[in-house]
Amino acid sequence: MPQSTIKNSVASTCSPAGTKGISLWGDIAEQLGQADTFRDHWINGPREMTEGDWMRLIGDRPTLIMLDELPTYLAMAHTKSVGQGTLLDLLKYSLANLFSAAMKLKRCVVVVASLDAAYDEARRILGGQLADLQKETSRGAKSITPVDLNTGEIYDILRKRLFTKLPDPSGDEVERVSQAYLATYQEAIRGRALAKSAEQMADEIVGSYPFHPSYKDILSLFKENEKFRQTRGLIQFTANLLRGVWANKEEEVFLVGAQFLDFSDQETRDQVKEIERSLESALASDIYDTDGSAHAQGIDGDRNDRAASQVATLLFITSLSDNTDGIRGLPRDTVVEYLVAPGKEATRFIEAFDQLRDRCWYLHNRDGNRWYFSDIANVRKQIEDKVGKVPQDRVDEEMRRRLTDIFRPVTKLAYADLVVLPRVDEVNLTPSKRTCLVLSPDAKSPPAAAARFFNDVVYKNAFCVVAGDGSKMASAEDSVRRLLAIAAVKSIVADTPRHQREIEAEQETTEIGFNSTIKSLFNAVWYPQTKDLKSARIDLSHYQEKGVILGEKAVEAALSGGGAKKLVELDPDRMDGLIQRCEDQLFPDATSRTRWSDVLERAASNPRWIWLPPKGMEEIKAAALAEGRWIEENGYVDKNPPPPHPTIRVTRIGGEDAIGESELEIAVSNAGKTPEVLVATTKDGLSSAELIIDRTYRTTEVELWFQIRNLDSGDSSEPYRWTGSINITHDRRDNAGMWQVALEAKPDAELRWNITGINPKDGAVYDGAPIEIDGTQKTTLYVYAIKGGVSAERRFTFDAVGAKKTIDNDLPAKAKRDFQFATKGEVLRVVRASKGRETIVFHGVSVTVGEGEKSLRVRSGGDVALNGQEIEAIIEGLRAALGQADAEVQLRFREADFPDGHTMKDFATQVGIDISVEDVEQEGT
């Protein structure tokens, strides 16, 4: 059918024509032979082409009108002013009339050809002005897609246009390729490198051959790019790809895939840049550069294959979309699935992918899954920019901090002090605690600095050295430098969640690398042994907790185990051997007596001496003293002391206060099997003293001298003086307004008294007759008792005769009587009422836990003050010793002191007892 073809372009429709105005339709008019008609519309100024104008112009002739690149032309017309509007306004209405006329004309076809991306650009420029035109275009129009890149049609076109001959799709060769891929996929699935769904791709090979089935999916990601021609551009792009396949002499290619695009070809690079020029930096930095410096090229060189370049090329091509809302990139699993082929196992691409992820500067991750290249540098590039700017002194400081955290002493079993990367001539050792030096490793064993330090110091047994193989020290410093750079970038991208995730992953990877390097770098501890330093291997990888390296524990394990056995645990069963070893190595040869401080100095100086836990030397000394093997006096220790002298101790355990009697318990030691115990009232009297047979002794004396004699050796103890106490009491009577006061001392003693307040010792001697005191006013009687070398003082205050005695709430109070509590409930009330109140104390306390033969008792002397919390601790201790957590308890005390009368009354109320005013003494009352 004869037809006229009208093809408008930006160049033709925007060129000047004639002498007046701009001919928008000049080309159309010339081709239709209707130049005069169009000229009438425009010569005197452009005006709208009506529907009638179009119908008269076209008539009944068969006509095909093609409008190419219409959105681009509309955008340009928007800039030309006509009257009160623009050329776009006239053109929009004219085109709408053209579409309306074409629908009425039986032999006219209008074809609008353009890409969606071009419309997107026009919308950006024109805003909403395209809406009406689009509605007109779509009304009655039919959408035609010349080439659908989402279907297998693409493969038919490419096979026809680019190949002269191909194997029969149903033939054996294509089937062999399909089966080879299926076997490869199944092997990768069994190794968990691919998902089960990968097998489906093998079924698609017959339809896509010689292309990989993924090719159409990859192209579809950037088909809408404005500058990509879906037919011509596709053929050109694939031709460049095939040229890369033909040039590939290094490997056998079974199916053509996007990964074979050869960026060393200038034409290929130019086409890619034309599709998406913004990725030029990503291409040069991460995928391909003419000097071979791109990251993928470097990884290929290290691995001696092209896996990294193929992974990077595939990701790059899938990142070419210029639509900000479009899909870019691929998940890692999909990349591997597209690249795996017969003879190319999945692991090589997985490893290459991971290395690219760690090195590339423009590779990004979206939503934790899809990886793509962008024109924006990732945080890795920012990190690399800052790495070179980190000063060495900052790296050294951070390295010290990290090593300090790793080897910080916590248990302090092996060492108490830590010095990291020091100048060894500035390290000061002390004999009181051991020091661990963490030195920069070198090639010598032991490290040269450690050997010099050992030779120069006095305390050769007071330090150890952690170091190792120095070959990786630079790698550790590089990791530290990178971690510092990461910290700097982290603060910059803190407001960008996606970058924050990236940098956190980068930090985690670098931390893991640093820890791995440290584990292999610091792998030995040197410790003093005889005349030099010996080494023991340390394994930091076995001592980690939640990712934290516990260096101290690794050092402890190395020094205590294996062949080292330098660090020794204190075992009671081995204490005798440790004491003997201490005597042999740390005491001087010429004498058995030495200062203990000198022993500690020798322990820190003698490399032969073992290492003990903290306070270990003190425990050895305590054990030796307890056994009587050593004696200590004035800071000196004697390992061969003379036989101990007999000793005696006397303790009051009871008695009858009413008659002044004391029951004494006698304890002796070092006195042989049948010792003699002597007692006398004076020291000189021991020469003709009374012989005591029992270990208890009752007396009404307040001063006695004791001595023990060892009949086997003839040795006697030093005289031992025991003193008791004198209890002063009084009795008063009212005699016609006068107080008659009788005094008594138990045991009997000389009494002196006065009411003037002079020194009680200077008072009048009491002769036994009642003392008469004026009862018209309050009077204080001061009494002093003395017997031998023991004395006592009391004061008694008497109110006026007839006045009622009261307890003053504001004055300190002392309650004196025999207080007894016979059940654990009563005792519990006493403890609760006094616990936490340190000013309430008790004297002459007796605590009994249990009953009958299964009981324990603790008694305190009258001069010992116990508070409620201390009594509770005694009870719990006795119950624990008895093995009865709820055993019965009895409590007894002779005196209780209170800070004031109010506290005493409150105590009595809580306990449930009465304290009589006659049992209370208060100053000034």
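Trainee: How many helices and strands does the protein chain have?

Mentor: The protein chain has 31 helices and 38 strands. Keep in mind as we go that this is a predicted model.

Trainee: What share of the protein chain counts as buried?

Mentor: Of its 925 residues, 45% count as buried. The accessible surface of the protein chain is about 47300 Å², and carbon and sulfur atoms hold 47% of that surface.

Trainee: And how do I read contacts along the sequence?

Mentor: Look at how many positions separate the two partners. Among contacts in the protein chain with a separation of 6 or more, 65% join residues 24 or more positions apart.

Trainee: Which residues touch the most other members in the largest nonpolar core?

Mentor: That core has 71 residues, and those touching the most other members are Tyr-215, Phe-237, Val-311, Leu-315, Phe-316 and Phe-373. Helix α17 (residues 307-317) supplies the largest share of this core, with 8 residues. Another core, of 44 residues, lies apart from it; Ile-406, Val-480, Leu-484 and Ala-485 are among its members.

Trainee: What does Phe-316 touch, not counting residues up to four places away in sequence?

Mentor: Phe-316 touches Phe-263, Val-272, Leu-279, Leu-283, Ile-287 and Phe-373.

Trainee: Which residues is Arg-402 in contact with, leaving aside neighbours within four places in sequence?

Mentor: Arg-402 is in contact with Val-480, Leu-483, Glu-511 and Phe-514. You met one of these, Val-480, in the core of 44 residues.

Definitions and conventions:
Residues are numbered from 1 along each chain as its sequence is written. This is a predicted model: local features need pLDDT of at least 70, side-chain atom pairs count only at pLDDT 80 or more; totals for chains, interfaces and linings use all residues. Side-chain values use heavy atoms; hydrogens and water are left out. Contact means heavy atoms within 4.5 Å. Helices (H or I, at least four residues) and strands (E, at least two) are DSSP runs, numbered from the N terminus. Buried means under 20% relative accessible area, exposed over 50%, partly exposed in between (1.4 Å probe, protein chains only). Accessible areas come from the Shrake-Rupley method with a 1.4 Å probe; for residues, only the protein chains shown count as cover. A nonpolar core is a set of buried Ala, Val, Leu, Ile, Met, Phe, Trp, Tyr and Cys residues joined through side-chain atoms within 4.5 Å.
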